[in-house]
Every structure is written in C-alpha cells, then in structure tokens.
Amino acid sequence: MDPYTPRTRPGTRKKNLGLSQKEYTKITGTIASVRRHRHPEDNLDDEISRNHLSQEGHSKSHNDSSFIAETSFVRAPLNSRVVSSSTAPKSKGKGRQESLDRVPLDIQEALMLEDLLFVLSGIEGTYITYHPDYSPEDDDPLQGIRFIVAPSLDSSLNDLVERILPLGMYYTAIFAFIEQRSHLEFGLVNHALCAAIREMLRDYQTLLSQLEHAFNTSASFSLQKLWFYVHPTVHTLSLIYQLILELATADDPGNDLSSSSSSSDEDDEEAARNEALGLGGAKLKAVLSEINKTDIGNGLSGSSGIAVKGGEVLTIIYERMQNMSGDPTATAIYGKLLKQAGRPYVEMLRDWVSNGHLADPYEELLVKESKFIDRGILEMDYTDEYWERRYTLRDGSISPGSSKRHQAGIPSPRSVGGRLPGGACVPPLLESWKHKILLAGKYLNVIRECGIDMNKDKAPADQNLSMDDEKFYEFIEDAYSHANKTLLQLLLNDQELIPRLRSLKRYFFLSQSSFLTHMLDLASTELRKSSKSVSVAKLQSLLDLALNTDVVGEDTLYRDDLKVTIAESGLYDFLLKVVTVSGIVKPEEGGLGEEEVKKEKEEKKPMQAIDAMTFDYNVKFPLSLVISRKTILRYQLLFRFLLHLKHVEQALSNMWIEQKTTPWRRQVPTHPEFMGWRLRVCLLRARMLAFIQQILAFVTFEVLEPNWHALEAKLDKVVTVDQLLRDHVDFLDTCLKESMLTSSKLLKACSKLIVVCQTFAFYSASFTKSANQAIAAAEDPASDPSKTKRWDVLNKFETNFNHWFQVHLDCVQFYASSDNVSLLPLVVRLNSVKVA
C-alpha cells in the first residue's frame, strides 16, 4: 500500500497504546457510535429534531448543485472535507463535531495529529475548524485563515495544538499572496519574490509529507514530536507572513472610503441625471465599490493607483532585514528573499548601465524614460529638454548636490510609511548610486545617438550579482567611468568643444568686435527702423559681409553658424520679468495695475531694430547638449547688454564729433548765457560717455575676461560630462550676476541711466539747432526765443541723470558690501564720474 495513503493503524501502533486487539476494536467501535448517536444526557425530542435536521441538511447538500463545492475544490485541491458554508453554516469539517470529554487522551492525541496534518495544509479538520467569523467571500485572503480547536479537548493537549495552529494561518496567507502577486501587473520583482517564497513553501510541503509518513508508519509519533519538527518552521513562516502583511498594507487604504463618501454627497439632480443615463442606482454603486475594494485588495494604491512593486518591494524587505538584524534566522530569510527578488532589478540595471538600454516593462526601475522626447525634437533645438527630461529618476531628484526635484510626474507618497510608490522608491542600497546609474545610461544613449556602437563585452564574468555584493557596485562604477570618459572624449576632441566656446566668446562677448563696428556702420539705416519692419535677410547679408571682411583664423570655421535674429521684447523688460520674484501690483490693486500696464503698452513706442537685434548660433548634436538653447539665451542676454552699451557709446561719440563744429566752438562774448549752456551740454555729454565707457570696461575686462579664464582652467581639469555642463552654466550665471543683470534694483537703475544717455544722444541735432538759433540772436540776447526751452530740456536731462546716477551708485555700493563683492571695482570706477 502507498505509505502516503491513510490506512488502519498497524500492529505496532496498537501495542504502543497498550491495548489488546479486542480492546482496540471496542474503542474504535465506540468512536464510531459517538459519531452516529446522541449524547446520553440529551433528551429524546432533541435527538429526533437534530437527526431530522441533519438528514434534511445532508440530503439537501447531496442534491444541491456542486458549483460552490467545485469553487472551494479549485481553491484547495485537497479540501474535499469542507462542507459548503451555504448548506451547513454551523457544522464544518467532515461531520458534526463530537465532544472529546469521554475520549481517552491517547485517542484525542491521535485525532489531533490527524487534524493538524490537514490544518497545516490549509484544510479544515474535524476537531480543528475554521473560526466562526471566517467568510471566504468577505475576508482578506492575505490575512490567512484562523483555526480554532474544539473546546472539549484536554487542556494538556490544547497548549501544544495552539502553538502549532498559527502555521495553518501562515501557510494559507502566504499561498494566497503567491497566487495574487504572480499576476503580470505586479512586475518582475514580485514574480521573483513569489518564486523564492514558493521554493521555501516547497521545503515546508516536503516536511508535511515526511510528517504524514511518520504519522502513518511510526507508532511513537506524537504531538511532542510534531512540535519538535515544526517548531523552527513556525518562526520561518511567521517572518514571511509578517513580510507579506507589510507588502499588502503598504498602499493607501483610505481612498475607497473617500470615494464612497464623495459619491454619497451628490445632489438629487445629479442622481436623477445619472439614473436616466443608466449610471445611477445602488447596483452600480455596489459594483464600483467592489471594484475599488478589489483594487485595494490586489495591492493597488487607492490614491496613486500604483501597485507595490519594483524598488518599493526591495525597500520593504531591506528595512525589515535591518530592523530584525538581531535575529539570525530573520537576517538569513530576508537576505535570501532580497537577493532572489532583486535579481530582475539588478539585470535591468546592468542592461541600462552597460548598454544604455532601458527594459522596464512594468515601471519598476528607478530610471524613467519619457518616450515622447526623442530625436525628432532636436531640429527645434530643445536639446536641454532632451538631456534633462528624456531620462530622469522617478523620485524627481536632479543632481547629487541639489535639493531641487522635478515635480511633474512624481507620484504622491504612501500614506502608510511615507515611501514613494513602485519604481519611484529607490532601494536604500542604491540611494547613493542612483545618480551614477542615471548618468551612465544617459551618456551611453548620447553616444549611441551619434552613431557610435558601444562594446557589449563589459558585462562581468560572474552573472549572479546582487545588491549586497561589492562586485555589483564596482561594476556600476566601471560602467559609469567608461561611459563618462567616452562621451567626454567625444565632446572635447572629436566635436571640438573648446574652439566652439572661443568662437562664442568672440561673437557674443565682443572680445574682437571689429566685425560688429563694421556691421553697425553698414546697417545704420536699417537699424533705425522699427523692429517689426526691419529686414532680417538684409541684416544677415550685411553680417556675412562684415564677417567675410574682418574675421580671420579659427573664426572662419564657425562663422556660417552665426545668425541674426530680432527679439520680440526689449532686453530690460525681459530681464525684469525674469528676475522679479514678486509682482509690483498688490492683490487689492490688481484692476488698477492691469489698466496701467495696458496704458503703458498702448503708449509705448515700437522698439528700434538696434534694441531688438541679437545673434543666434546653430549647433549640432551632441554639442547642443553643452551649447543648448538655455545657454545660448544667456549668451544672447549678455550680447544685447553689450550691444546696447556699444550703441550708446557710439551715439555719444558721434555727438562729440558734431560738437566740434562751428556752432559749438565759436566764441560769443556778447552772449555769456549761451556759452554757459553750451559748456553744460558738453560737460553732461562727457559725463554720460564716461559712465557708459566705465560700465562697458567693467563688464568686459573685470567680469567676462576673468571668468572666461577661470572656465578654461576648469575645462582643462574636467573629469565628468555633468561637471562640464555645470561649469559652463555656472560661468554664464556668474557673468550675468556680476554684470548686474540678475538684480531688479540694479537692473532698473542701470537701464534708466543708459536710456537717459541714449535719449540725450538722440537730442544731438536739436541741441545743434538751438545753438545756431542762439548764435543768430547773439546781437540781441534778450530777443532769443529758444532760451527758456533749451535750458528746460538741459535741466531735465541733468536732473534725471544725476538722480539715477546717485541711485545706481547707492545700489552698487550696497550690493558690493553685502551680496556681490565683484562690484567693488565698479564703485571705484563710478566715483571717477563726478556729479555736478
């Protein structure tokens, strides 16, 4: 006979019980009689009534459809002993539970052993049954099935049985967890975890088979021996049970209540409309509630809709291992589960850092790909978006030294534990490596986009890497260093980044600006037009002519990449919008402020082409990662500022040339008032020219040039691509700050001063006309008609210039002493411009 088939106790078993064959037959007959007949103390009416109900229930259960029974059979193939709850809700097990008061202890122990072997497999026994409150349809299967022992069991045996019973609950919960989390939507990490737990359950099932064999063949097998064998397993399964409970309760449970409460608050009109559309009624609400409950039960978060998967699963296992580090068994169990569950995660990371290929079908990895950002957008030169947002970290962190985070696309943290859900939760072991992991794959993707095939022989010989293995992190470091060096070599040598940056310095920072002076002379007529009516094509042809005439050496290599464009807004208006943190208009004055802004826009004259002209620079991929649209915008802001200063300086110089003519040099001794006015005009022009020249000299010689040399020194020592990008952006930001273009107060005062100087230069012809009128009326100074007017105009210019010059000087002195020490040389320069 098969040793695993229950059969009659062998002779050795009988002898061990100390019973003769006759006594043993009598006891077994008594047990069978107790199961068939009433207790002696029951009355006859109760016996008849109970027998009638029992027979009726038996025939009903026998004749009923077997659908429910088949459902339970599918759930537990060995559960042929379970009676359907709908047919016999109060009598569970093989039959009606009989009292054990009159049964000898040896027989009670044998019955308990038989039931326990069923219970340890998750199957209800005769004297060990499901808890009365248990309902297969309503209870969460991940909580496990609770079992209770017949109260009539002897207390000496009850203690041992109660110790063993939790194994049944642990087993049923773990089995349900494996069945649920093996579905596709829970990802590869959950699948690997379920496989590892299933392997542990296989050892447990092997132990049960051995115990059943011992129960069937060994006469000395007892509850004490059963407890001795399963005692270590109780602790092991309890550790796994606690883990699956934390995994099952890691998501947000409260959304179902909030959604039901919000739906119950709908008004009557909306309810009637929904009912008419077939969307209302209690049945639909019940269905929706059931769907929500199913989602919660399946591990889907109520608020984020993201299952507990990927990095979050590994984080939970690791945290449990750390919290129970004093328990060697827990450390071994959780360490094994972490290694097994982390294998698919490690494989995805290896593929990413060694090949730049992101294979993450279930969004479990810490790296996220935005597939809508691809090479197609490079033609619009949004390469900063391609670099910064094509591949990002799911937790939103940007760089190792930055506290800023991308906010778009980051799921909200779990209400339980505060962890980010799913792949956005970075395993603690990888927290310090996440930026290198991201950058290694990004670098390889850029290299691959350039058409360069990366060698795939970088994978280590040892394929069984895990997150607790030092070799894994050595592999990440090697992959990062290799990708970084390859891309850096590509940018600096193959793509000639340094010569490109030097050409940008010449064109945008006017380090050799003879071509610009030539162009301004050629395009003087065109640049006096409004920005909307100017011909960009004509300006471009004049720029090409100036470049062909004046540019030599390395500049000739990149002059075709320089283009003329017309900006839509003025330089200072644009900068003020950028640097102003809080609006000038208060909330209660919003309407009035908007009207004033509209009036200013209506009264504002259109910009001249010279105020809107700027340069653009075409760069191909991958150089466009370094010279991106954001960096070119910074170059353009600095260029427009320098161009404005150059233009005003040229206008004031032309005014000086004009003031060397006869009306300004002729002596008129009979008209001393006119000679005083003429001297005041020349003095104001000289002070304005000195101010413009001091600002221009400060920006070029004490801001741009020293910072450029500092950048070149950094580029000689650069070791990573991100350091290169960061150094380039820092250089431009420093130049903008030290050029007074990032402070609203400094910018406002400086722009007012430059506009006053520019307007004063525009009045050059008017001043000359006034001088001619004054000379013509020199014989009779009293009859000079323009005397009052010319003095009023001059006084207004002097008042405005003196006021804004003092405001600007005060601002520069304040910021030089507090925020921007680099402005100290400008304080010295401005003090040389004496105030009248």
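The legends below describe close-up views of a predicted model.

**Figure 1. Overview of the protein.** The secondary structure consists of 34 helices and 6 strands. Of the 836 residues, 45% are buried. The accessible surface is about 43,100 Å², and carbon and sulfur atoms account for 54% of that area.

**Figure 2. A negative surface patch.** Asp 133, Glu 137, Asp 138, Asp 139 and Asp 140 form this patch. Asp 140 sits in the loop between strand S1 (128-130) and strand S2 (147-149). Its relative accessibility is 34%, so Asp 140 counts as partly exposed.

**Figure 3. The salt bridge between Glu 312 and Arg 414.** The whole structure contains 20 salt bridges, and one of them joins Glu 312 to Arg 414, with the closest N and O atoms 2.9 Å apart. Glu 312 belongs to helix H13 (residues 311-323), while Arg 414 lies in the loop between strand S4 (391-393) and helix H17 (434-449); the two are 102 residues apart. Both Glu 312 and Arg 414 are buried.

**Figure 4. The salt bridge between Glu 369 and Arg 390.** The closest N and O atoms of Glu 369 and Arg 390 are 3.2 Å apart. Glu 369 is in strand S3 (residues 367-369) and Arg 390 is in the loop between helix H16 (383-389) and S4, so the pair ties together parts 21 residues apart in sequence. Glu 369 is partly exposed, with a relative accessible area of 25%, whereas Arg 390 is buried at 11% relative accessibility.

**Figure 5. The salt bridge between Arg 500 and Asp 561.** Here the closest N and O atoms are 2.5 Å apart. Arg 500 is in helix H19 (residues 497-508), and Asp 561 is in the loop between helix H23 (555-558) and strand S5 (562-566). Arg 500 counts as buried at 15% relative accessibility, as does Asp 561 at 17%.

Terms used:
Residues are numbered from 1 along each chain as its sequence is written. This is a predicted model: local features need pLDDT of at least 70, side-chain atom pairs count only at pLDDT 80 or more; totals for chains, interfaces and linings use all residues. Side-chain values use heavy atoms; hydrogens and water are left out. Patches are made of residues with over 30% relative accessible area and no salt bridge: like charges are joined within 9 Å, nonpolar side chains (Val, Leu, Ile, Met, Phe, Trp, Tyr) within 5 Å. Accessible areas come from the Shrake-Rupley method with a 1.4 Å probe; for residues, only the protein chains shown count as cover. A salt bridge is a side-chain nitrogen of Lys or Arg within 4 Å of a carboxyl oxygen of Asp or Glu. Lys and Arg count as positive and Asp and Glu as negative; His and the chain ends are not counted. The place of a charge is taken as NZ of Lys, CZ of Arg, CG of Asp or CD of Glu. Helices (H or I, at least four residues) and strands (E, at least two) are DSSP runs, numbered from the N terminus. Buried means under 20% relative accessible area, exposed over 50%, partly exposed in between (1.4 Å probe, protein chains only).
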